[in-house]
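I opened the file today to look up a few things about the fold. My notes follow in the order I took them.

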Amino acid sequence: MINDPKDFVPYLPTLLPDLQTALLDPIPDVRSTAAKALGSLTRSLGEYILPDLRPWLIRKLRDHTCSSAERSGAAQGLTEVLVASGSAVVDDAMRNEILPLRSYPQASTREGVLWMLTFLPPALGQGFTPLIDVSLPALINGLSDDSEPVRDVAMRAGRVLIRSHGKVHVDKILPSLELGLRDEDYRIRVSSLSLLGDLLSTIGGTSMVKGDGDTQDDIRKAERAQAQIALALGPETRRRVYSGLYMARNDSTHAVRTSAIQVWKTVVSVTARTLRDILPVLVSQIIANLASGHEERTEVAGRCLGDVVSKLGDSVLPQIIPVLRNALYDGDTDTKRGVCVGLTEVINRSTKDQIIKFIEIIVKVVQDALSDDDEVVRQMAAASFQSLHSLVGSRAFDEVVPSLMVSLEVSENDEVTRTKALNGLTGILSIRSRELLPYIVPRLIEHPISANHARALAGISQVTGDTIYHHFSSIIPALLGELAKGGYDEEDAVRQCSSMICASVHEAGVNWLIREVVSKCGSDKASLRTESCRMLEDIVREREYLGRCCSVSLVFE
């Protein structure tokens with residue numbers, strides 16, 4: 001309509017307020033048209049003619065009194081103005097003015113930043129590529145924001161970025177989404193899964209499945225998408241992404257599991273076949289999470305391992321069991337704890353016949369874990385043994401306990417081996433004392449009681465206080481008989497064992513203990529009467545609440 005754009009300059013004071021009002025209009029088409037008009041003015045006249053326009057747009061972008069629609073209009077207008085000013089201006093403004101506001105305390109400001117990331121990628125096209133790396137952290141952080149409007153805009157911005165740049169720049173976008181799958185905030189995990197599903201769907205030329213995804217049409221779509229994804233990502237990246245996705249199927253949060261299953265069904269046609277393909281990478285990720293020392297990740301990895309075993313069975317155990325064994329022997333304490341969690345899940349998800357095939361390896365791993373120096377490892381190994389015993393019955397005892405007893409008996413001068421064997425026994429006894437004590441006690445109180453056996457019995461009594469009193473009829477006479485002899489090298493160890501039993505027995509067994517000791521106080525052997533009275537003294541001393549009972553003091557009178 002006019003020959004020279006500068007002819008507009010005299011009319012700007014009248015024109016700009018109307019455009020600014022239109023830019024904040026509730027109707028999206030009105031905002032879009034006003035934004036394009038501001039972009040055209042900036043492109044034709046130059047930004048120096050409109051020096052107050054960009055500051056006004058940024059103020060509106062941050063204004064907490066503005067509605068979400070008004071901030072959206074301000075972001076759209078600012079996008080058009082920046083694009084019209086050239087790529088250098090866009091880069092400088094985003095890096096130095098807009099993106100630094102992503103951590104601003106006010107939610108309205110954080111939302112404004114994300115609105116910019118919603119409009120800028122399609123407006124710049126491939127010109128947005130240099131800004132992808134610096135924009136993704138703001139987008140990912142927005143997915144877990146405390147403010148729901150901020151999270152909604154972050155999700156919208158992520159989907160816009162994937163639609164506009166997903167296929168071409170998957171190498172830039174994918175790592176951030178993979179990192180989001182491992183974030184501690186479940187909201188980031190859910191959002192990252194949704195965006196990963198969008199990205200994989202875009203690459204595979206399909207759409208997210210709705211419902212069960214088990215129809216023939218859904219399976220054919222997933223087959224085609226799987227082929228396209230394999231070509232786009234390459235085998236290594238595809239296996240890594242699918243492994244992370246399968247791990248998310250076992251997440252501790254229901255929303256994450258549900259989202260992961262939907263994405264998996266969208267891009268995987270046959271689960272068992274895909275699992276076999278990604279198994280080495282998946283097992284590697286599982287072991288890494290088992291060894292992370294992070295309680296939630298360790299539990300998720302354990303469940304995932306059990307899930308794999310339940311789906312693949314015999315075909316996967318030969319690969320998993322040796323890996324767990326090597327991780328136990330080569331790893332640190334966190335790794336050992338994770339191995340125990342994983343082993344328990346494997347045993348729980350396997351059949352008896354499957355475990356019997358690997359019983360020697362499994363028993364050795366469990367035995368070594370039971371004998372570990374770390375108490376938490378021993379507790380977790382005890383849970384593994386419990387699962388093993390529930391599955392294979394007494395064979396678990398037959399495979400583990402004799403070996404531990406042999407190590408205990410032949411290691412008189414080897415403190416390390418003796419301690420490990422005792423750790424193993426106490427670990428099993430802490431959960432299966434009723435079944436195991438009848439086997440162990442007679443061997444430990446055989447005459448003469450060695451110092452090694454006395455120390456073992458003392459250690460065992462600490463974890464079996466609620467059951468060991470059923471065996472006092474054999475334990476107490478044996479200990480008193482040894483002490484009554486006197487003057488031998490093992491006396492101190494036997495006496496310490498006696499004191500430990502008095503201190504460890506639970507309240508329900510105290511009467512059993514006193515009755516057994518008192519029965520020896522009338523012996524015709526003076527030395528046995530003396531030791532019986534000493535043991536009663538130990539009972540009073542070790543169990544303070546009995547010291548107020550006059551009936552006990554009468555024994556000494």
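Predicted model: local features only at pLDDT ≥ 70, side-chain atom pairs only at ≥ 80, totals over all residues.

Entry on a helix pair. I took helix H9 (residues 170–181) and helix H12 (residues 235–248), whose axes come within 10 Å and cross at roughly 30°. Angles under 35 degrees count as roughly parallel, so H9 is roughly parallel to H12. The crossing of H9 past H12 is left-handed.

I then listed the residues where they meet. From H9 I noted Leu 174, Glu 178 and Leu 181; across from them in H12 I noted Thr 237, Arg 240, Val 241, Gly 244 and Leu 245. By type, the residues of this contact are four nonpolar, two polar and two charged.

Entry on one residue. I looked up Thr 335, which sits in helix H17 (residues 333–349). Is Thr 335 buried or exposed? Its relative accessible area is 11%, and buried means under 20%, so I put Thr 335 down as buried. Leaving out residues up to four places away in sequence, I found Thr 335 touching Ala 291 and Ala 327.

Entry on the whole chain. I counted 28 helices and zero strands in the protein chain. Its radius of gyration is 36 Å, well over the 24 Å that the globule rule gives for 557 residues, so I noted the chain as more spread out than a compact globule. Along the principal axes, the C-alpha atoms fill a box of roughly 130 × 55 × 40 Å. Buried residues make up 51% of the 557 residues.

Note on methods. Residues numbered from 1 in each chain as written. Heavy atoms only, no water. Helix = DSSP H or I, 4+ residues; strand = E, 2+ residues; numbered from the N terminus. Buried < 20%, exposed > 50% of the residue type's maximum accessible area, 1.4 Å probe, protein only. Contact = heavy atoms within 4.5 Å. Axes fitted to C-alpha atoms, helices over the stretch in contact; angles between N-to-C directions. Parallel < 35°, antiparallel > 145°, perpendicular 65-115°, else oblique. Left-handed = near helix turned anticlockwise from the far one by under 90°. Nonpolar A, V, L, I, M, F, W, Y, C, P; charged D, E, K, R; others polar. Rg over C-alpha atoms; globule rule 2.2 N^0.38 Å.
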